[in-house]
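Reader: I'd like to go through this one by asking you questions. Could you show me the sequence and structure before we start?

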Amino acid sequence: MNSLKQTVLMTGDEAVAYAVKQSDVDFISAYPITPQTIIVERLSEYVASGQVDAAFVPVESEHSALSACVGASLCGARVFTSTSSQGLALMHEIMYVASGLRCPIVMAVANRALSAPINIHGDHSDIMGSRDSGWVQIFCESPQEAYHYTIQAFRLAEHSEVLLPVAVNLDGFTVSHSSEPVETLSDEEVKNYLPHLPRPRLDYGSPHTFGVLALPTHYFEFKLEQAKALENAGAVVGEVVKTYPEPSGALRKFTVDGESGRVVVVGMGGAMGTVRHLVLNMGLEFFTLISVRMFSPFPGRELVEYLSDAEAIIVMDRAMSPGMASPPLASNIKSVLYDEGVRTPVVSVVYGLGGREPTTSMVRGLLNKVRSRVEAGSVKSHVLYLGAGGELR
Amino acid sequence: MQHRMLLPVVFEAGNSVEQRMSSWRSMKPVIERRQCTNCLICWIYCPEPAIYRDADGLVQIDYDHCKGCGICAEECPRRAIRMVVEHEQP
Amino acid sequence: MTQVTKLEQLYGREGISPGHLACQGCGALVAVRQILLAAEPPFIVVSPTSCLEVVTSQYPYTAWRVPWVHVAFENAAAVASGVEAALRVLERKGRGRRQKVLVIAGDGGTYDIGLQALSGALERGHSLLYVCYDNEAYMNTGIQRSAATPLNAITTTTPRGKPEPKKDIIAIVAAHNIPYAATASPHLWKDLANKVRKAMSIEGPKFLHVLAPCPRGWRYDPKHTIKIARLAVETRVFPIYEVENGKYRLNYVTARPRPVEEYLATQERFAHLLKPENRHLLEEFKKMVEERWQRLLELATSSVKT
């Protein structure tokens, strides 16, 4: 416990592991999968070297990883795990259980495409499969954010009005494996920020029964309580970040850049860095960028304030919902707009599937195309697939 | 510790004892006191448990929770338990 | 560890309250009661989805008088691994205390869907006692076959009798080189109790395979549960033995075993084997029992020699 505040060159994975190291975690159980492996390897090394006083259980599958985490969490331990893609899909059953049993587990997801066909590169489809699982979902744009948000995730998860698991998402490879100088807090600062709070647990001294069977007479109310807790997570963010030692790293539900734009671009994850660069530095003041960090609970009402005056909204989704009316983020945005009676055209853009990165020129092309339609008064709601088939469709 | 949120937890250990199972049975065990040696064999083989030893050391049937399976009568080494039709006066 | 010699000794601290919803004459509950009476506290119990879980934990009631957790069907051993490791570290860090970990799982959640998690937990050497109460089918969902269903037994998914023999779970767990594995039957309460105590006094992974006759699934009058368990052992259909550090030891040997037919005759699920036209199936069953017994004898004898 002697690390000072320092700046360390780290990848997103390394930053997550570093944050967990400082967070006095008690229990880590994970299974390796690209591109999360570095997190697990780093933590394994930290535990072996004594830098982290925790149990490290190298389980035989991701399903067992999250299961072991639930068991440990119900004993009162501070628990962390991490996965991607197929691993997350395998854990899927237990994601609902972890949330239903109100376990404040923190999980870093290095977002990666789902098979089939198999693809190890980044997109958000893995976590989008777990949208309804009752987890708090945070998206990071950078290793720096991955560091700060992992620490705050523990605080948020363990808040007495929340008691829910939190997923901290970072784009596979582009964030998980890219290096940048990350400013860290001191061990002491993190320790003080994350006290251990009591909660009901397994102990022979007070024998409780966890994981009950709820008949139709009771099940519904449990789910409502869970949903309420998820809403609470949104409500207590202010409280959670108030005492965070580094204000610049405080978790925000979303950030807004270039406020005076006529067209708003909404998206999540590392690619928003590209959009921000264009909006702020490359003369694209026509646009406002909203980069969402808290996807669940969805900050719909707060977002709408920034959307209602736009002439068009571009929603960028790094996942698809085939067969559904819209991809995930666009679905939520449209839902919120509809509730507020706002009928602004929404251009839904699916990009980056399977690691096909949206380059600056691709995004510039997209933005310019939308701008010309807006200026011509001909923009309508539709779906585009950026970079698919070699050209903008 | 209780928690004011609704959690899928039952905090009160063993509160199923509040549920009466007597309506499940059509036969009930009756212990023949003269034969019974309070050996506890019926007790160790009861699935509920609906058999206990009272303050005087006598083995008794807990009729609130006995489902009338008949294992006790079957296994009693002294044949000190007979199954009678419910509502029959012993 | 206190040896159990008299039934008296077990009387006192029940782990299960009555008022649960198990069937009349449920062999699993007899076994589980005995296990909890024998287990020396403090301990935590983990169960997968099973008859036991469903009948004991219907909100807002619980039959558990000891701490208990249910997570899902296939992961009891993984959950237990988490509990075990967490309690250790919490004690080390001064925020909790170590307690023994007991898994009580059905054959469904052990032999089939739970086998991966079990193997993982055993391989990693977690200190826990995994008890499989075996009613030889997925009883909770309505009597469908599991790998624990015996050869030729009728279930809803083997309506003409199961073509495959019962999976040898003790051989599987023993192959993980665990310190202790054993079989037990609820009619031999003393043997069962002492095996539980012995297992819980050892560090590392232990496994107990307990026969749990099921009136509903095996189709017999509920009052015969203990009698049927007794016959299973005395006909050598369910041998009682231990494997301690790889060494086999038979605990119950009769010079004159009862004929297998006596066991089969007690249950509707085997009734077809006693029909003359199914003589070949009956012989197949008897041959299997005999071969397995001989194999156990060989293992036990060679254990003594080495």
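**Chain by chain**

Author: Of the 90 residues of chain B, 42% count as buried, where buried means that 20 or more other C-beta atoms, placed from the backbone, lie within 10 Å of the residue's own. This is a predicted model, in which local features need pLDDT of at least 70 and side-chain atom pairs count only at pLDDT 80 or more, while totals for chains, interfaces and linings use all residues. Residues are numbered from 1 along each chain as its sequence is written, and chains are lettered from A and ligands numbered from 1 in the order in which they are written.

Reader: In what pattern do the helices and strands of chain B follow one another along the sequence?

Author: Chain B has 2 helices and 5 strands. Both kinds are DSSP runs numbered from the N terminus, with at least four residues (H or I) for a helix and at least two (E) for a strand. Read along the sequence, they give β-β-α-β-β-α-β.

Reader: Is chain B spread out or compact?

Author: Its C-alpha trace spans about 55 × 25 × 20 Å along the principal axes. The globule rule (2.2 Å times the number of residues to the power 0.38) is set against a radius of gyration taken over C-alpha atoms. For 90 residues the rule gives 12 Å, and chain B comes out at 16 Å, well over that, so chain B is more spread out than a compact globule.

Reader: And what radius of gyration does chain C have?

Author: Chain C comes to 11 helices and 8 strands. For its 306 residues the globule rule gives 19 Å, and chain C is close to that, so it is as compact as a globular protein of that length, with a radius of gyration of 19 Å.

Reader: How much of chain C is buried?

Author: The C-alpha atoms of chain C fill a box of roughly 65 × 50 × 40 Å, taken along the principal axes. Of the 306 residues in this chain, the buried share is 58%.

Reader: Where chain B touches chain A, how many residues on the chain B side are nonpolar?

Author: Contact here means C-beta atoms, placed from the backbone, within 7 Å. By that test, 10 residues of chain B are in contact with 15 residues of chain A. Nonpolar covers Ala, Val, Leu, Ile, Met, Phe, Trp, Tyr, Cys and Pro; charged covers Asp, Glu, Lys and Arg; the others, Gly among them, are polar. On the chain B side there are no charged residues and 1 polar, and the nonpolar count is 9.

Reader: Which residue is the bridge partner of Thr209(A)?

Author: Strand E9 (residues 209-210) of chain A pairs with strand E1 (residues 9-10) of chain B in the antiparallel sense, over 2 bridges. Pairing requires at least two bridges found by DSSP. In E1(B), the partner of Thr209(A) is Val10(B).

Reader: How many residues of H3(A) are buried?

Author: Helix H3 (residues 62-73) of chain A has end C-alpha atoms 16 Å apart, which agrees with the 16 Å its 12 residues should span at 1.5 Å a residue; that expected span is 1.5 Å times one less than the number of residues. Among its buried residues are Glu62(A), His63(A) and Cys69(A). H3(A) is mostly covered, and its buried count is 12 of 12.

Reader: What are the edge strands of the open sheet in chain A?

Author: The sheet has 6 strands in the order E10-E12-E11-E14-E15-E16, with mixed pairing. Each edge strand pairs on one side only, and they are E10 (254-257) and E16 (382-385) of chain A.

Reader: Inside that sheet, which residue does Val265(A) stand opposite?

Author: Strand E11 (residues 263-268) and strand E14 (residues 312-317) of chain A run parallel, joined by 4 bridges. In E14(A), the residue opposite Val265(A) is Ile314(A).

Terms used: Two residues are in contact if their C-beta atoms, placed from the backbone, lie within 7 Å.
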